[in-house]
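Please open the model in your viewer and keep the selection tool at hand. We will walk from one selection to the next.

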Amino acid sequence: MIELRDVWFSYTKDKNVLKGINLKINNNVTIIMGPNGAGKTTLLKIISCLYKPDKGEVLIDGLNFWKANSKDKLSLRRKLVYVHENPVLFKGTVVSNVMYPLLIRGYSRENAKKEALELLNRMGIDHIAFRQRDELSAGEAQLVAFARAIISGAKYIILDEPISSLDLEHRKRLEFNLKDLVREGRKIIIATHDRLFAFKLKARVIEIDQGQLSREFSSEELITELDNIIFS
Amino acid sequence: MALIAEIIEISIRSLIISSTATLLSASWSIPISFHLSKSKNRLTVALVGVLNALIGFPTVLIGLLLYMLFSSSGPLGYLDILYTPIAIIIGEAILITPLIISLSYDVFHRAYSEYWETSITLGATSSQAFIKLIEETYGEVVVVFLIGFSRAIGELGVALMVGGNIRGFTRVFTTTIALEVAKGNFEVALFLGLILLIIVSTTSAVIRLLGGKRID
Ligand SMILES: Nc1ncnc2c1ncn2[C@@H]1O[C@H](COP(=O)(O)OP(=O)(O)OP(=O)(O)O)[C@@H](O)[C@H]1O
Ligand SMILES: [Mg+2]
């Protein structure tokens with residue numbers, strides 16, 4: 001479980017971006033919604049322990065991350081993986097990107113490459129395995145960043161707008177992949193604007209507005225809203 | 001023949017002094033700018049602003065300050081390094097420090113939120129993430145080094161005031177040119193100027209080449 005206790009965060013002194021967030025995340029899939037600039041990305045980076053709150057606590061499986069020693073910090077961090085809104089790929093090929101999390105965990109190049117290629121194959125994107133990062137479309141880059149994140153084995157997978165560049169076919173693939181991950185017992189946290197995508201994942205939906213939690217419901221309840229949008 | 005030999009000797013000395021100064025300056029400037037780029041507090045922003053302003057600091061002023069520091073009655077006089085190549089190296093390293101910090105700060109600041117964060121979240125230790133950051137910014141950091149080197153090899157104030165332009169010991173391009181002009185030897189001065197120009201423009205050609213490749 002990830003728990004936030006009275007979390008405050010600001011980029012500049014004059015404006016708080018998160019204002020006293022209290023949140024427990026333990027569902028298989030949690031979706032964060034909210035208007036542009038509401039603080040979704042900031043919240044996800046706090047959850048991922050990439051940003052340190054100005055005030056408040058972040059507990060990962062009961063341990064206070066920012067008070068942990070550096071060894072515990074590393075093992076807690078390895079339970080979490082965050083995928084940026086705009087995927088950040090390293091120099092080199094797709095497969096070398098996907099190998100990275102394994103290499104830093106001490107895998108041999110050979111084993112890392114084998115596993116990376118297997119994953120790309122399962123995801124149906126093995127045909128781009130040996131492309132350079134500047135030879136990918138936006139959607140392909142998004143899928144590669146996703147593959148690289150899940151191969152890390154992290155328990156909590158935190159995705160920021162993961163489908164913004166994906167076509168229908170690839171969205172479906174991603175949904176399948178997410179369902180697989182849930183079956184493996186991994187927890188998924190997603191920020192998205194896409195109500196249909198949110199609806200199709202059985203999820204707890206949390207809405208945030210101006211840095212505060214404003215509403216919480218289950219994804220089934222989105223259907224009435226979708227009705228309203230479609231038939232209005 | 002003797003003249004050619006001397007010119008070659010001066011060229012080699014200049015290259016060694018300025019590249020050593022660049023590396024020395026980088027040894028503190030790069031870690032400093034890396035730490036600055038990680039921090040988000042206001043003091044950092046102010047400090048970066050000050051460093052930016054210091055880029056244009058007059059070289060003779062630095063020369064003068066270091067002269068006072070290193071002269072036998074100065075606080076560091078006991079080191080006995082005034083009028084040695086070491087003094088020039090230290091002086092040039094200090095001279096280009098604001099330049100190297102500001103330029104590499106920009107590089108790191110942009111790369112930090114992307115590559116550092118990505119490596120860390122993928123499970124890297126701090127040193128693994130640092131290696132990744134350097135791998136990703138390598139080309140740009142080399143460009144920063146070369147810009148620093150160009151400024152160091154082309155400056156006169158520091159080399160003259162703390163080096164003293166001693167023949168066969170601390171004489172470098174710029175001090176020789178100044179001396180030859182003073183003596184009325186315009187041909188020698190022009191010839192040296194030409195070599196210096198070739199070195200500096202080769203450096204900037206390399207900079208442009210690396211800079212252009214950066215989007216890979
Ligand atoms: N690096 C930054 N420096 C200063 N302010 C920032 C920075 N990043 C975000 N902000 C501000 O913080 C607020 C929340 O930003 P955040 O990126 O978390 O929003 P978001 O909900 O993810 O928006 P979007 O739907 O557009 O992705 C915004 O007002 C934004 O302007
Ligand atoms: Mg966002």
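The tour below goes from the ligand to the aromatic rings.

Keep in mind that this is a predicted model. Start by selecting ligand 1 and the 13 residues around it; Lys15(A), Gly37(A), Lys40(A), Thr41(A) and Thr42(A) come nearest. That shell divides into four nonpolar, six polar and three charged residues.

Next, show the side chains that reach oxygen atoms of the ligand. In Thr41(A), a polar side-chain atom lies 2.7 Å from an oxygen of ligand 1. Ligand 1 taken alone exposes 640 Å², and the protein buries 63% of that.

Which elements give two or more residues to this shell? Colour β2 (15-25) and α1 (40-47) of chain A to see them. Of the elements, α1(A) gives the most, with three residues.

Now for the rings: the whole structure has eleven aromatic pairs over all chains. Select Phe9(A) and Tyr11(A), an edge-to-face pair with 5.1 Å between centres and 85° between planes. Phe9(A) is buried, at a relative accessible area of 3%, whereas Tyr11(A) is partly exposed, at 39%.

Move to chain B and select Phe34(B), Phe108(B), Tyr112(B), Trp116(B) and Phe130(B), which form one aromatic cluster.

Finish at Phe90(A). The charged end of Arg148(A) sits over the ring of Phe90(A), 4.8 Å from the centre. From chain B, Lys132(B) lies over the face of Phe90(A), at 4.3 Å from the ring centre.

Technical notes: Residues are numbered from 1 along each chain as its sequence is written. Chains are lettered from A and ligands numbered from 1 in the order in which they are written. This is a predicted model: local features need pLDDT of at least 70, side-chain atom pairs count only at pLDDT 80 or more; totals for chains, interfaces and linings use all residues. Side-chain values use heavy atoms; hydrogens and water are left out. A residue is near a molecule or strand if one of its heavy atoms lies within 4 Å of it. A polar contact is a pair of N or O atoms within 3.5 Å; within protein, one must be able to donate a hydrogen and the other to accept it, and residues adjacent in sequence count only if both atoms are side-chain atoms. Accessible areas come from the Shrake-Rupley method with a 1.4 Å probe; for residues, only the protein chains shown count as cover. Helices (H or I, at least four residues) and strands (E, at least two) are DSSP runs, numbered from the N terminus. Ala, Val, Leu, Ile, Met, Phe, Trp, Tyr, Cys and Pro count as nonpolar, Asp, Glu, Lys and Arg as charged, and the others, Gly among them, as polar. Rings of Phe, Tyr and Trp (its six-membered ring) pair if their centres lie within 6.5 Å; planes under 30 degrees apart count as stacked, over 60 as edge-to-face and the rest as tilted. Buried means under 20% relative accessible area, exposed over 50%, partly exposed in between (1.4 Å probe, protein chains only). A charge sits over a ring if NZ of Lys or CZ of Arg is within 6 Å of the ring centre and within 35 degrees of the ring normal.
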